Amino acid sequence: MNFKKIAAFLLALLLCISMAACAENADTKETTTAVPTAELIETTTETQSDVLEWVQCEGYELDENQEVKNIILMIGDGMGENILTNAEIVKGSKLSTSFMPHKCHVGTTSLSGVTDSAAASTALSCGVKTKNRYIGVDQNGDAVETIVEFAKARGLKTGLIDTHVVPHATPAGMVAHNGYRGEYNEILKGMIKAKVDVMLGGGAEYAETPKMQARIEDAGYTYITTAEELNTLTKGTPALGCFAFQDFTADDNPSLTSMTSKALELLEGDEGFFLMVEASHIDIFEAELDMEGTLKEMQAFDKAIDYTLRWAEEHPGTLVLVTADHETGGVIVPESGKAEDVNNDCFTSDGDHTDSDVLLFAAGAQSGKLITKEKIENTDIALLMRKALTDTYGDAPTNIITQ
Ligand SMILES: [Zn+2]
């Protein structure tokens, strides 16, 4: 009996202590919930912006049987296989690319070894392996026909989008010819001369000199500099948008998705079109070993791809290709597979490019027929785009625009 009384007393005492502790906890909880709530509101406001939210992807139904009328080539600069996996871990659900039905590996090396963005873009656009820093020229420095020139020769409209300067390596390699990627003024002159219908990105530094403005005007371009002006663009004249003095990130406006959606609106028509969309800053943040910045850019790119695939569902005859020019950062996937471990420790290369394969994803018109191997070279992407356009639009004389 005595023992029972002592036990009951101890139990009551324990109950009192734990209730007091609960009350204390409740207080603590109240104060701690106050902070996350405030943070949550802030995050929600951010996620309502056009850029910083993960878009939930549920799959796409694109017609593969139509002949190829339009090609949309989307390039994640520095987007290796592992950063895709890491982005998926952090997102907590599948990226838009995971719903694209055809996929293969792509070799990226250039004649200089590990490629830079210039030689990679030349390979993707012209179908030739060349030296680093070369834009639309072969190893001897001779101009080779770019994908924009190839498309224009068949009467298609053309568009180039990036978030770096408009004449940056990737868009430059799609149209221009130059032995040195840093010749931004010369390259921009060539891009204007080639009359690409829509060019959106940064680089007001080069576009806004009096001489360049005169060229832009003479070529009949509508020149814009803000997201608001982008919204008001309508079909009719070619458009050049430079939304930053140099470059801009996923935190800025316009977003990659709004540039893509406007370009699609301007380019859509009976002629068909070739559009290249580059998420330029995946590479920039990887080079800085900044995982948070890299993931924001992946988020923006995933959203732009999702938008594009949904647009292509509504526009049969569109072939959507998503790839990368090279891997950057030697990114590894954390063994734990946990989002909290996707951090700056995942970079293993000091921010350099690597020679790892990248992936090519394809959906839409003829995609199943064009992707038939497990591994191809980056030059094969140029060849398969040419084959698709030739099948639909026929042959045309080689079209190299002297710059
Ligand atoms: Zn690159």
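The questions and answers below go through a predicted model.

Student: In what order do the ten strands of the open sheet run, and which are the edge strands?

Tutor: The ten strands form an open sheet with mixed pairing, in the order E5-E6-E4-E3-E7-E1-E8-E11-E2-E12. An edge strand pairs on one side only, and that applies to strand E5 (222-224) and strand E12 (375-377). The edge strands are therefore E5 and E12.

Student: By what angle are neighbouring strands of this sheet turned against each other on average?

Tutor: The average ignores the direction of the strands. Its value is 15°.

Student: Does E8 run parallel or antiparallel to E1, and which residue of E8 is the bridge partner of Ile72?

Tutor: Seven bridges join strand E1 (residues 70-76) to E8, and the two run parallel. Within this pairing, Ile71 stands opposite Leu319 of E8. The bridge partner of Ile72 in E8 is Val320.

Student: How many bridges join E8 to E11, and what is the bridge partner of Val322?

Tutor: E8 and strand E11 (residues 358-364) run antiparallel and are joined by four bridges. The partner of Val322 in E11 is Phe361.

Student: How many residues of E8 are buried, and which point the other way from Thr318, Val320, Val322 and Ala324?

Tutor: Strand E8 (residues 318-324) is mostly covered, with seven of its seven residues buried. Thr318, Val320, Val322 and Ala324 point one way, and the residues pointing the other way are buried too. Those are Leu319, Leu321 and Thr323.

Student: Which strands does helix H14 lie across, and at what angle does it run to E12?

Tutor: Helix H14 (residues 378-393) lies across E1, strand E2 (102-107), E8, E11 and E12. Relative to E12, the angle of H14 is about 90°.

Student: Why are H10 and H12 described as roughly parallel, and which hand does their crossing have?

Tutor: The axes of helix H10 (residues 256-267) and helix H12 (residues 291-314) come within 8 Å and cross at roughly 25°. Angles under 35 degrees count as roughly parallel, so H10 and H12 are roughly parallel to each other. The crossing of H10 past H12 is right-handed.

Student: Which residues of H10 make the contact with H12, and how many residues of each class does the contact have?

Tutor: From H10, the contact is made by Leu256, Thr257, Thr260, Ser261 and Leu264. H12 contributes Ala300, Phe301, Lys303, Ala304, Tyr307, Thr308 and Trp311. By class, the contact has seven nonpolar, four polar and one charged residues.

Student: Where is Pro254, and is the peptide bond from Asn253 to Pro254 cis or trans?

Tutor: Pro254 is in the loop between strand E6 (239-242) and H10. Omega of the bond from Asn253 to Pro254 is near -5°, and the bond is cis.

Student: Are Asp350 and Gln366 buried or exposed?

Tutor: Asp350, in the loop between strand E9 (327-328) and strand E10 (353-354), has a positive phi near 60°. Gln366, in the loop between E11 and helix H13 (367-370), has a positive phi near 65°. Asp350 has 9 other C-beta atoms within 10 Å, and Gln366 has 20. With cut-offs of 12 or fewer for exposed and 20 or more for buried, Asp350 is exposed and Gln366 is buried.

Student: Which elements do the buried residues of H6 pack against?

Tutor: In helix H6 (residues 184-193), the buried residues are Ile187, Leu188, Lys189, Gly190, Met191 and Ile192. They pack against helix H5 (169-173), strand E4 (198-202), helix H7 (204-207) and helix H8 (210-218).

How values were computed:
Residues are numbered from 1 along each chain as its sequence is written. This is a predicted model: local features need pLDDT of at least 70, side-chain atom pairs count only at pLDDT 80 or more; totals for chains, interfaces and linings use all residues. Two residues are in contact if their C-beta atoms, placed from the backbone, lie within 7 Å. Axes are lines fitted to C-alpha atoms, for helices over the stretch in contact, and angles run from 0 to 180 degrees between N-to-C directions. Angles under 35 degrees count as roughly parallel, over 145 as roughly antiparallel, 65 to 115 as roughly perpendicular and the rest as oblique. A crossing is left-handed if the near helix is turned anticlockwise from the far one by less than a right angle, and right-handed if clockwise. Ala, Val, Leu, Ile, Met, Phe, Trp, Tyr, Cys and Pro count as nonpolar, Asp, Glu, Lys and Arg as charged, and the others, Gly among them, as polar.
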